[in-house]
Amino acid sequence: TTRIVLAERPHGEPKDSDFRFEEVALPEPSSGEVVLQTLYLSLDPYMRGRMSAAKSYAAPVEIGDTMVGATVSRVLQSTVDDFAEGDIVLGYGGWQTHSVEKAKYLRKLDTDTVPASTALGVLGMPGFTAYSGLLTIGNPQPGETVVVAAAAGPVGSAVGQIAKIKGARAVGIAGGPDKVKYLTEELGFDAAVDHRADDFAEQLKAATPDGIDVYFENVGGNVFDQVIRRMNLYGRIPVCGLVANYNLTSLPDGPDRTGQLMNTVLIKSLTIRGFIQTEFAGEQMPAFLDEASGWVADGSLKYREDVTEGFDNVLDAFRGLLAGRNFGKALVKIAD
Ligand code: NDP
């Protein structure tokens, strides 16, 4: 197998030299294990956190270890009855072309109704993140305004569409005219604004004439600074991610606005609640898979994938994800 190991902890944007490609022999599977060939590797923003030694909700990848990640794979060899050669499974094989995994952590995918890659996006962890965080913490009501950034990505696009399904008004924030157009014309968002445009604040104001009831936080940074001003009384802010910060190496310049922020929280009676999707997975995953599959089938939950071909291009694709060069769920196709 070829694998990508962490060679050094990146400072800022990850560099090629922070990683090493290694060619190693696959271990023989023990009883209960399955040998897999990776078809798709999922690239997700949380991986930047795993490259860092900073304290987080999960342990970092150790130097010299294979980078982690969710994968869709084909079973090459099985030691258990539940999986047979040729089955397509969802697993956590990491950044490598082949893996040996415990069968109990794999889920067999039905590839007749939807493409297997959807198990990494709209019908996988990102889709579930949108569903659980929006409905449990955001609790959008009919007629309310829901705003989400990174809205063309797998989490944000599902947040906006599920908000619509629940009868709310969905406003997306994305980088650049193509993504903005996609949100309103293809996904049915009520409005979309470009956070890279000079007049972003004015665009946001025009798109949220009744203020904002739910802000699903994916990015932080300047987007948050503009959104917080438009929150309504009793607004809810599920804090899902802060991708604008992930490559930062120091605090931004300027005055400390914490006091101002806390004043807004106070006078608007806001609820700001962070979450990691695993908190809800045990209880809500079956309902999510059931409901979201129905929405995908009836066209109310659309998705887009950004597929990079070839294992050699994993690092470029990952850097692109943090910089917004992906348009849709970032995947690397490693084998057919
Ligand atoms: P995306 O595919 O949406 O990729 C991230 C996007 O963030 C980029 O495409 C870019 O889009 C946008 N972005 C990057 N920098 C900035 C910036 N400075 N300001 C505004 N937008 C920026 O990723 P996902 O849908 O997979 O993830 C979205 C968020 O959800 C991430 O923060 C991730 O960490 C979080 N997450 C959290 C989970 C949890 O359990 N809490 C689970 C899964 C994801 P654009 O071109 O539009 O700027």
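The model is predicted, so local features need pLDDT of at least 70 and side-chain atom pairs count only at pLDDT 80 or more, while totals for chains, interfaces and linings use all residues. Residues are numbered from 1 along each chain as its sequence is written.

**Overall fold**

- The protein chain has nine helices and 15 strands; these are DSSP runs numbered from the N terminus, with helices being H or I of at least four residues and strands E of at least two.
- The radius of gyration of the protein chain is 20 Å, close to the 20 Å of the globule rule for 336 residues, so the chain is as compact as a globular protein of that length. The radius is taken over C-alpha atoms, and the rule is 2.2 Å times the number of residues to the power 0.38.
- Along the principal axes, the C-alpha atoms fill a box of roughly 60 × 45 × 35 Å.
- Of the 336 residues, 43% count as buried. With C-beta atoms placed from the backbone, buried means 20 or more other C-beta atoms within 10 Å of a residue's own, exposed means 12 or fewer, and partly exposed lies in between.
- Among contacts between residues at least 6 apart in sequence, 64% join residues at least 24 apart; a contact needs C-beta atoms, placed from the backbone, within 7 Å.

**Domains and annotation**

- The domain assignment gives domain 1 (2–121 + 304–333) and domain 2 (125–274), with bounds from an automatic or database assignment.
- The C-alpha centres of domain 1 and domain 2 lie 29 Å apart. Their contact takes 12 residues from domain 1 and 13 residues from domain 2.
- On the side of domain 1 that touches domain 2, four residues are nonpolar, five polar and three charged. Here Ala, Val, Leu, Ile, Met, Phe, Trp, Tyr, Cys and Pro count as nonpolar, Asp, Glu, Lys and Arg as charged, and the others, Gly among them, as polar.
- An unreviewed UniProt entry carries the annotation "domain: Enoyl reductase (ER)" over residues 15–332. UniProt positions follow the numbering used here, feature names are shortened, and annotations may be inferred rather than shown by experiment.
- Residues 15–332 are 31% helix and 24% strand, and the end C-alpha atoms of this stretch are 18 Å apart.

**Nonpolar core**

- The largest nonpolar core has 88 residues, and those with the most contacts inside it are Leu43, Tyr131, Ala151, Val159, Leu183 and Ala192. Such a core is a set of buried Ala, Val, Leu, Ile, Met, Phe, Trp, Tyr and Cys residues joined through C-beta atoms within 7 Å.
- Domain 1 and domain 2 both give residues to this core, so it lies between them.
- Leaving aside residues up to four places away in sequence, Leu43 touches Ala317, Phe318, Leu321, Ala330, Leu331 and Val332.

**Lys333**

- Lys333 sits in strand S15 (residues 329–333) and is partly exposed, with 18 other C-beta atoms within 10 Å.
- Lys333 and Tyr40 are 293 residues apart along the chain, yet their C-alpha atoms are separated by 4.6 Å.
- Not counting residues up to four places away in sequence, Lys333 touches Tyr40, Val307 and Glu309.

**Positive phi values**

- Most residues other than glycine have a negative phi.
- Tyr234, in strand S12 (residues 231–239), has a positive phi near 65°. Tyr234 counts as exposed because it has 10 C-beta neighbours inside 10 Å.
- Ser269 has a positive phi of about 50° and lies in the loop between helix H7 (258–267) and strand S13 (271–274). With 11 C-beta neighbours inside 10 Å, Ser269 counts as exposed.

Conventions
Contact = placed C-beta atoms within 7 Å.
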